[in-house]
Amino acid sequence: MIIAIPVDQKTLESNVYMSFGRAPYFLIYDVETKESTFIDNSAAASTGGAGIKAAQTIVDNKAAALLTPRLGANAAGVLKSAEIKIYKTTAASAKDNIDAFVAGKLSLLDEIHAGFRERGSN
Amino acid sequence: MRIAVLSGKGGTGKTLVTVNLAAVSQESVYMDCDVEEPNGHLFFKPEGVLVEEVSVKVPEVKDELCNGCRKCVDFCNFNALAYVQNKLIVFDEVCHSCGGCILVCPEKALTEKERAIGQIQKGVSDQVSIYTGILNTGEASGVPIVKRLLAEESPEITKPIFIDCPPGSACITMESIKDADYCILVAEPTLFGVHNLNMVYELVRLLDRPFGVVLNKCLDGENPAEKFCLEKNIKILGRIPFENELGILNSDAEIVANKNSRYREMFDSLLSTVIKEVSYAATPDS
């Protein structure tokens with residue numbers, strides 16, 4: 001099973017990024033092989049719709065679950081269409097969250113925010 | 001004659017100035033382009049209001065024609081499209097209606113459909129025609145509504161059009177002043193007010209619109225906005241005092257020029273100054 005986590009830096013010890021769409025990197029982690037890959041989030045600098053594009057990246061990397069502290073409505077829409085499960089991170093580091101996930105200690109993220117879309121200002 | 005009233009932030013007195021100028025003109029049009037929070041109608045209380053929906057075009061996909069090439073997904077600068085499990089998803093609210101996805105689709109799988117984003121209300125209050133633009137909550141851009149509002153009257157119309165602009169200096173303000181014959185910048189007498197004045201000052205210079213400043217909320221003593229105008233050699237069109245009576249009338253949604261002769265004189269004089277300035281601006285090399 002492949003899981004994805006938004007991260008600050010390209011290490012397993014990295015902190016989970018505070019939000020999803022504009023995270024600098026994603027950690028793509030294979031729970032079975034314990035193989036980790038870090039990918040640049042091409043959506044981070046988007047004019048708009050970063051969550052949608054970032055979610056597309058997660059879908060394209062064949063993740064079955066996303067571990068994130070928060071998530072916007074549009075990104076959630078993409079992930080749900082792809083039947084990707086969304087879990088809420090609890091610890092600071094990516095590694096600790098992976099351990100918690102494997103141990104079955106993470107719960108599903110039930111709070112989806114409305115997003116941070118520009119509001120006619122640009 | 002199109003007179004646009006703008007300021008770098010909300011609450012400086014755009015609506016106060018626009019509403020009262022429209023009211024003291026014999027016959028005029030008041031256009032509320034502040035589509036996120038239009039409030040000029042509260043003062044005019046227009047009658048016989050007609051409502052027109054404003055919609056934009058967004059793409060609609062014919063799933064049976066889509067081959068999943070993702071050219072549209074890659075093209076969209078606003079990421080309004082995603083391709084998931086062999087299906088294209090369109091995020092209508094993120095779409096900026098550029099039509100690019102439809103052009104790049106090699107399979108002609110995308111067509112346009114209408115999506116309502118707000119409305120225009122047209123009514124009358126004495127001799128003033130009141131046009132109000134209203135953007136639905138949550139929409140990304142009110143520019144299409146402003147375009148529709150401005151298209152309501154031909155530029156050759158003889159009666160003056162007073163345009164109450166949205167605050168700030170972003171796209172929607174640019175759209176609102178694009179065809180203005182003259183811009184009135186409303187400023188507050190604080191350092192923060194100067195910062196906001198500078199934003200719209202730079203904008204009207206960039207767009208090469210003739211302009212002048214109305215100093216609002218004037219008190220005795222130093223006025224940083226006035227100082228800014230003197231330094232930059234900007235025409236000061238008028239001064240509005242910071243007064244209890246004016247504040248109370250205005251917050252009761254009264255048109256101050258209709259309630260107090262002193263305020264009527266003030267806005268009459270501002271109007272004639274503005275009309276003079278517009279005629280100078282219209283004469284080349286003057």
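Side chains of opposite charge can pair when their charged atoms come close. Counting a salt bridge as a side-chain nitrogen of Lys or Arg within 4 Å of a carboxyl oxygen of Asp or Glu, there are 17 salt bridges over all chains. This is a predicted model, in which local features need pLDDT of at least 70, side-chain atom pairs count only at pLDDT 80 or more, and totals for chains, interfaces and linings use all residues. Residues are numbered from 1 along each chain as its sequence is written, chains are lettered from A and ligands numbered from 1 in the order in which they are written, and side-chain values use heavy atoms, leaving out hydrogens and water.

## A pair in chain A

Let's start with K10(A) and D40(A), which form a salt bridge whose closest N and O atoms are 3.3 Å apart. K10(A) sits in the loop between β1 (2–7) and β2 (25–30), while D40(A) belongs to strand β3 (residues 36–40), so this pair links distant parts of the chain, 30 residues apart. Helices (H or I, at least four residues) and strands (E, at least two) are DSSP runs, numbered from the N terminus.

K10(A) has 44% relative accessibility and counts as partly exposed; buried means under 20% relative accessible area, exposed over 50%, and partly exposed in between (1.4 Å probe, protein chains only).

## Pairs and a network in chain B

In chain B, E226(B) and R239(B) meet in a salt bridge at 2.4 Å, N to O. Helix α8 (residues 224–232) holds E226(B) and strand β11 (residues 236–241) holds R239(B), so parts 13 residues apart in sequence are tied together. E226(B) is partly exposed at 22%, and R239(B) is partly exposed at 43%.

E243(B) also pairs with R262(B), with 3.0 Å between the closest N and O atoms. Then there is a network of salt bridges linking E52(B), K122(B), R148(B) and E152(B).

## Two helices that cross

Two packed helices are described by the angle between their axes and the distance between the axes. Helix α1 (residues 14–24) of chain B packs against α11(B) at about 85°, with axes 9 Å apart; axes are lines fitted to C-alpha atoms, for helices over the stretch in contact, and angles run from 0 to 180 degrees between N-to-C directions. That makes the two helices roughly perpendicular (65 to 115 degrees).

Notes: Parallel < 35°, antiparallel > 145°, perpendicular 65-115°, else oblique.
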